[in-house]
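Hello,

Here is the structure I promised to pass on to you. Please open it alongside this email, and my notes follow just below.

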Amino acid sequence: MKLSRFTYTLLVLLTRIALFFWHPVFCVRGRENIPEGPCVIAGNHSGNADPLWDIYALRPMPLYRILAKESLLRVPVLRILFERIGMIGVRRGEQDVNALKTCLQALKSGEKVFVYPEGTRVKRERIEAKTGALMLADRAGVPVLPIYTSRRRFPFQPVLVAIGEPFRVRSEGRRATAAELRAQTDAMMDIIYAMGGDGK
């Protein structure tokens, strides 16, 4: 059972009010780049609140699907909430076929899916991102929307979310190879960090 649109929108509003006292200034660039229909939203990951800031930036509707570590769904109270908002749990460090199928079904049903390719919080030095976000987009035939969220969020500092131009995985009418996914994922992360002024 999913949350109603009213309840979902109310939760988004309440969390924004709560975070307002921590980060009152919130800046968004590139909303005009948000595509209609399904897409994979791929962003950097530096804090637990990243999905919230990204949803605020993209607007709370439609209800976005978020790919997150399965351990979050093991907490009884959180599991009820996360399942109702459509979170998709994934077992990290292994090929989770069920998570992949769920993401593909969501994309083919017209939904937008959040994926954080780094797979863990990265506050300082960059790490090699995983290629799963582009693999999903390639298999589902949907665009990728790159998004950057401020990494160093000290109290009362502005939070920036920059939304880049959507792109498609280039595989010349076939599934992209592992090497192509690797190269394009690295290029995408360069673009994401450049949007925030972090460079390479």
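The sheet is open and built from seven strands in the order 1-7-6-2-5-3-4, with mixed pairing. Please keep in mind that this is a predicted model. Strand 1 and strand 4 (88–90) are the edge strands, each pairing on one side only. From one strand to the next, the twist averages 20°.

With strand 2 (residues 39–43), strand 6 pairs in the parallel sense over four bridges. With strand 7, the pairing of strand 6 is antiparallel and runs over three bridges. Thr149 has Val161 of strand 7 as its bridge partner, and Tyr148 stands opposite Ala162 in strand 7.

How many residues of strand 6 are buried? Six of its six are, and the strand is mostly covered. Val144, Pro146 and Tyr148 point one way, while Leu145, Ile147 and Thr149 point the other way, and all are buried.

Helix 4 (residues 97–108) lies across strand 2, strand 3 (65–69), strand 4 and strand 5 (112–115). Relative to strand 4, helix 4 runs at about 150°. Helix 5 spans residues 132–140 and contains Met135. Leaving aside residues up to four places away in sequence, Met135 touches Leu100 and Leu181. Between Met135 and Leu145 there are 14 Å in space, C-alpha to C-alpha, and the two are ten residues apart in sequence.

Now to the aromatic rings. With ring centres within 6.5 Å as the criterion for a pair, the count comes to eight aromatic pairs. One of them joins Trp22 and Phe156: the ring centres are 6.4 Å apart and the planes meet at 45°, so this pair is tilted. The pair links distant parts of the chain, 134 residues apart. Trp22 sits in the loop between helix 1 (5–20) and strand 1 (26–29), and Phe156 in the loop between strand 6 (144–149) and strand 7 (159–163).

Why does Phe26 count as partly exposed? Its relative accessibility is 22%, and buried would require under 20%. Trp53, at 1% relative accessibility, counts as buried. Phe26 and Trp53 belong to one aromatic cluster together with Tyr56.

After that, the cluster of Phe26, Trp53 and Tyr56 would be my next stop.

Best wishes

Technical notes. Residues numbered from 1 in each chain as written. Predicted model: local features only at pLDDT ≥ 70, side-chain atom pairs only at ≥ 80, totals over all residues. Heavy atoms only, no water. Phe/Tyr/Trp six-rings, centres within 6.5 Å; stacked < 30°, edge-to-face > 60°. Helix = DSSP H or I, 4+ residues; strand = E, 2+ residues; numbered from the N terminus. Buried < 20%, exposed > 50% of the residue type's maximum accessible area, 1.4 Å probe, protein only. Pairing = 2+ DSSP bridges. Contact = heavy atoms within 4.5 Å. Axes fitted to C-alpha atoms, helices over the stretch in contact; angles between N-to-C directions.
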